[in-house]
Amino acid sequence: MRILIVEDEATLRGQLTDKFRQTGYAVDSADNGKIGLFHGLEYPIDLAVIDLGLPDMTGIEVIEKLRVQGKTYPIIILTARSRWQEKVEGLEAGADDYLTKPFVFEELQARVSALIRRSAGHATPILHNGAIALDTRTQDVFFDDQPLVLTGFEYRLLHYFMINIGKVISKTELMDHLYDEDSDKDSNVIEVFLGRLRKKLYPENRLKPFETLRGRGYRFNVLT
Amino acid sequence: MRNRLLIAATFTLIAFLGLAGMALDRAFIYSAKAAIRHQLRTQVHALLQVFEIADDGSLIIPDPMPERDLTRLNSKLYAVILNNRGEILWRSESSVGIELNQLETAERGKENFSRVGEGFHYSFGVEWGIGEDRHVDLTWTMIDTSDYYRDTISLYRRELVLWLGMAALLLLVMQAVILRWGLKPLGAVTRELDLIEHAKQDKILGKYPWEIAQLSHRINLFIENERRNLTRYRDTLGDLAHSLKTPLAVIKGITDNKNRPDLKNIDEVVDRMNKIIEYQLNRAVSSQLSVMHRAVDCEEAMRKLHASIKKVYVDKCIDSTWEIEPGAVFHGNESDLFEFLGNIMDNAFKWGRSRILFVCRSDGVAGKGYKGLIIEIHDDGPGIARAERAAVLERGVRADQQTPGQGIGLAVVREIVQRYDGILTIETSHLGGALIRTRFPAARL
């Protein structure tokens with residue numbers, strides 16, 4: 001999952017970027033509204049966290065412009081202004097949730113994962129596909145109710161497949177959503193991690209849920 | 001104001017017309033007396049022309065008399081001739097049987113005119129020659145006791161009162177009409193202020209005469225200034241809070257670390273600092289009560305907040321219903337209404353399980369034409385136990401007295417309700433959860 005953080009306070013931006021990366025997200029960040037808007041429009045973002053008080057362009061303007069340009073991914077407002085009129089203004093502009101500063105990171109993370117899950121059309125925080133269950137709140141993965149140990153990137157890959165079950169996902173799309181702009185993008189890595197994931201989920205190779213479609217990408221099939 | 005002007009004008013008018021009446025009355029009496037004096041003098045002169053004195057000093061009485069009334073009994077016109085000792089030498093036939101009092105002699109060539117009882121006495125002193133070298137001093141007196149004078153005066157007074165009364169009435173009616181016409185613009189200004197208070201318009205728009213235009217212009221400036229100041233306070237405090245809270249968020253980012261228990265104390269202090277800022281900011285911002293209250297449409301505010309909060313709690317799939325009386329208004333600051341409603345609606349979404357009911361209606365008791373307001377928020381959540389209700393309402397008088405983890409939402413709500421002299425109660429809703437009922441009194445104007 002790739003998220004965008006637009007926050008002018010450098011330390012806070014750095015903290016958020018680090019923590020989100022540690023919890024398995026690809027993160028792009030911007031320190032002002034204009035750059036934030038550019039990232040939001042140009043990159044395949046899955047969710048944006050936008051501060052309201054930004055230089056150059058206010059957070060509200062950024063959100064309005066993103067929505068006018070047809071961007072439908074969830075947006076969380078991060079604001080120090082906690083009055084209801086301001087919250088309503090932000091939510092009316094097109095944001096989906098708000099969080100007032102200062103905040104506990106876990107709270108922000110919970111809301112981010114809830115919004116991503118909701119935007120993919122899942123009602124509960126635990127995503128299921130056959131024997132596989134993925135808890136977006138705790139980032140735990142279970143197979144037949146037995147916990148599975150996954151690395152950060154493996155989790156990210158599985159999470160992306162779990163919210164796009166049955167859809168054809170191109171390698172570029174996977175790259176775009178799993179890597180931020182600062183990462184070294186190597187398409188072979190996807191193949192390697194997918195291979196590891198297959199082995200961890202189905203060591204005996206009795207099922208092949210990850211289908212490779214030559215020239216088109218991958219599909220995570222519906223399991224019964 | 002109109003009544004005051006009318007009363008003042010009426011008293012002035014009465015005083016003025018009273019004085020004018022008195023002056024006219026005196027002038028008329030003076031001229032009536034002058035006319036009687038003139039008439040009596042003419043009659044004395046007529047007698048002087050016809051009377052003669054014989055050489056032995058006796059009076060030769062003319063026949064006929066120049067004035068017929070002098071020969072008619074009880075004609076109320078009498079003539080008397082006195083010598084210089086005051087003895088009656090002659091009296092007219094008309095005075096037979098009448099007692100003539102206070103007869104006085106007049107000096108030679110002088111005349112006296114006086115009112116005696118109901119009548120008038122006119123006396124004229126004459127030196128009358130007898131033969132060639134003798135003369136006597138005689139006083140010729142004419143007495144008029146007729147009702148003419150009294151009748152004339154009373155008729156005049158009746159007429160005077162009638163006409164002055166009619167003039168007063170006419171003037172009063174005219175005055176009332178002029179006042180009404182003159183004060184009409186003030187009435188229009190009052191109506192406009194009423195509209196401003198009912199949020200139907202932003203400022204005084206009408207075109208008024210110069211004197212009132214000055215006033216309305218200043219009222220507009222005052223309203224504008226008041227609103228600008230309020231926005232400025234709010235922005236400044238918002239900026240202050242913003243500039244404090246972002247660094248707090250940074251500190252929180254460092255201290256909120258499960259692997260560093262040594263930072264727990266700092267983390268708690270940061271939480272407390274944040275709550276103090278939040279609470280005091282809310283108090284400061286909403287303390288700036290506008291003198292010129294505007295009426296805020298409750299339905300619009302509730303719908304806006306509902307749409308926003310529902311978006312945040314979309315996962316809960318709560319069924320929220322409305323009972324909003326159209327036109328119900330909150331007399332106060334829009335921001336206060338948003339803060340108040342936002343907090344209680346957010347609580348309802350937070351605690352409600354599947355159903356929420358919003359009720360907003362005017363309070364039945366009307367004061368000065370402005371109705372109070374009742375707002376009820378029902379939910380089907382766990383509710384608040386009867387024993388805890390007072391404590392929940394008392395909580396949060398000061399943010400730093402709160403235990404960690406308690407929101408300041410209800411404290412803010414309570415502050416706002418108190419400031420508007422409202423009553424906030426927690427009850428059990430028919431939906432099974434809490435019912436937060438607020439009753440705002442009619443606007444104080």
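Me: A residue is buried if 20 or more other C-beta atoms, placed from the backbone, lie within 10 Å of its own; 12 or fewer make it exposed, and anything in between partly exposed. What percentage of the residues of chain B counts as buried?

Reply: Of its 445 residues, 26% count as buried. This is a predicted model: local features need pLDDT of at least 70, side-chain atom pairs count only at pLDDT 80 or more, and totals for chains, interfaces and linings use all residues. Residues are numbered from 1 along each chain as its sequence is written, while chains are lettered from A and ligands numbered from 1 in the order in which they are written.

Me: What makes two residues of chain A and chain B count as in contact?

Reply: Their C-beta atoms, placed from the backbone, must lie within 7 Å. By that rule, 24 residues of chain A are in contact with 24 residues of chain B. On chain A, α1 (10–22), α4 (84–93) and α5 (105–119) each give two or more residues to this side. The largest share, six residues, comes from α4(A).

Me: How many residues on the side of chain A that touches chain B are charged?

Reply: Nine are charged, 10 are nonpolar and five are polar. Asp, Glu, Lys and Arg count as charged; Ala, Val, Leu, Ile, Met, Phe, Trp, Tyr, Cys and Pro as nonpolar; the others, Gly among them, as polar.

Me: Why is the crossing of α1(A) and α3(B) called left-handed?

Reply: A crossing is left-handed if the near helix is turned anticlockwise from the far one by less than a right angle, and right-handed if clockwise. α1(A) passes α3(B) in the left-handed way. The axes of α1(A) and α3 (residues 210–255) of chain B come within 9 Å and cross at roughly 35 degrees. Such axes are lines fitted to C-alpha atoms, for helices over the stretch in contact, with angles from 0 to 180 degrees between N-to-C directions.

Me: Which residues make that contact between α1(A) and α3(B)?

Reply: A:T11, A:L12 and A:Q15 of α1(A) meet B:T246, B:A249, B:V250 and B:G253 of α3(B). Three are nonpolar, four are polar and none is charged.

Me: What makes β7 and β8 of chain A a pair?

Reply: Pairing requires DSSP to find at least two bridges between two strands. A:A133 stands opposite A:F142 in β8(A).

Me: Why do β6 and β9 of chain A each have one side without a neighbour in the sheet?

Reply: β6 (126–129) and β9 (146–148) stand at the edges, each with a single partner strand. The open sheet has four strands, in the order β6-β7-β8-β9, with antiparallel pairing. Its twist averages 25 degrees from one strand to the next. Helix α6 (residues 152–162) of chain A lies across β6, β7 and β8, at about 105 degrees to β7(A).

Me: What makes a set of residues a nonpolar core?

Reply: They are buried Ala, Val, Leu, Ile, Met, Phe, Trp, Tyr and Cys residues, joined through C-beta atoms within 7 Å. The largest such core has 94 residues, and those touching the most other members are A:I3, A:A48, A:I50, A:I76, B:L305 and B:L341. Helix α6 (residues 334–351) of chain B gives the most to this core, eight residues. Apart from it lies another core of 17 residues, including B:L47 and B:F51.
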